[in-house]
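Please study the structure shown below, then work through the exercises that follow.

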Amino acid sequence: MVDLVEEGADADHTSPTWALAEPLVLNKSQLGWVTRITLGMKSDSSWFYRHTAARDGSTSIKLVVHGNRDKKVRIMDIRTVKQCGRPLDGTLFYNPPGGASDEIIRLYFDLDKPRPRAQMLKGFDPKGDYFSLRTVSLKRDEDMVFLIYAATSKHSCSFSLALDVLADGRQRTVTVTNHGQPFRVTALYTKKDKDGDADVDVEKYRVLYVAGNGDFSGKHAGMWRRWDPSEYAHAVAKWRQSY
């Protein structure tokens, strides 16, 4: 039985930047409302979910399951069921990141691979196929917590999780979604800066909103503010030259 699915569970390693497939132009009143929902004291991602937005690059999913049979239930594998295409370029909500007692199993999926396998994480380094050497067994009412990371650096991907479960001698698949929706992530368009490092190429997006660390002036960090993508790129370049 699946008890909990929480997307964005690892806030320290989940980007608050989002992208949409299509341009979305908001007036001042609408943008203020979105600011209060998504950047307030109790920030809520549901607005982005309703607009089928994708997280920047990767997401983290907390998955809590427990056994509900008298005999042991065995999780044989966890897979992603994914669809990927080119990165989204419609609207960018640019907010670049700054810097349990239960047993937790941390897994990583590389969505850029044709058939991603659940990789065991040591720190944040993948260390081999987790289910190639083991399964996870659950007694009745025994809980197990998975913290699952899924990432792409080349595509936009929507995906669900598929748990292959052996119970009472029969194998079946349990599908896990983001409360009825697929999980969504997208790579961001990038370009090389003067030092040769990758930087977000905001000029690839048709509509741009900026908040948080994206507000280089520091005056409007707590609110979404619309920018012309080219004007923002030139303003950031000029600001960097002054330091």
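**Exercise 1: The chain as a whole**

Of the 243 residues in the protein chain, 45% count as buried, where buried means under 20% relative accessible area, exposed over 50%, and partly exposed in between (1.4 Å probe, protein chains only). The model is predicted: local features need pLDDT of at least 70 and side-chain atom pairs count only at pLDDT 80 or more, while totals for chains, interfaces and linings use all residues. Residues are numbered from 1 along each chain as its sequence is written, and side-chain values use heavy atoms, with hydrogens and water left out.

Task: State how many helices and strands the protein chain has, and what its C-alpha trace spans.

Solution. Step 1: The protein chain has 3 helices and 18 strands; helices (H or I, at least four residues) and strands (E, at least two) are DSSP runs, numbered from the N terminus. Step 2: The C-alpha trace spans about 65 × 40 × 30 Å along its principal axes.

**Exercise 2: The disulfide**

Task: Determine which cysteines form a disulfide, and why it is called right-handed or left-handed.

Solution. Step 1: A search of the whole structure finds 1 disulfide, that is, a pair of cysteine sulfur atoms within 2.5 Å. Step 2: The partners are cysteine 84 and cysteine 157, with their sulfur atoms 2.0 Å apart. Step 3: The torsion about the S-S bond of cysteine 84 and cysteine 157 is about 110°, so the disulfide is right-handed. Step 4: Cysteine 84 is partly exposed, at a relative accessible area of 35%, whereas cysteine 157 is buried, at 3%.

**Exercise 3: A charge over a ring**

Task: Identify the face over which arginine 134 lies.

Solution. Step 1: A charge sits over a ring if NZ of Lys or CZ of Arg is within 6 Å of the ring centre and within 35 degrees of the ring normal. Step 2: Arginine 134 lies over the face of tyrosine 130, at 4.5 Å from the ring centre. Step 3: Both tyrosine 130 and phenylalanine 131 are buried.

**Exercise 4: Positive phi values**

Task: Locate aspartate 141 and histidine 179, and decide whether each is buried or exposed.

Solution. Step 1: Aspartate 141, a residue other than glycine, has a positive phi near 65°. Step 2: The loop between β10 (136-138) and β11 (143-151) holds aspartate 141, which counts as exposed at 56% relative accessibility. Step 3: Histidine 179, also other than glycine, has a positive phi near 55°. Step 4: Histidine 179 lies in the loop between β13 (170-176) and β14 (183-186) and is exposed, with a relative accessible area of 65%.
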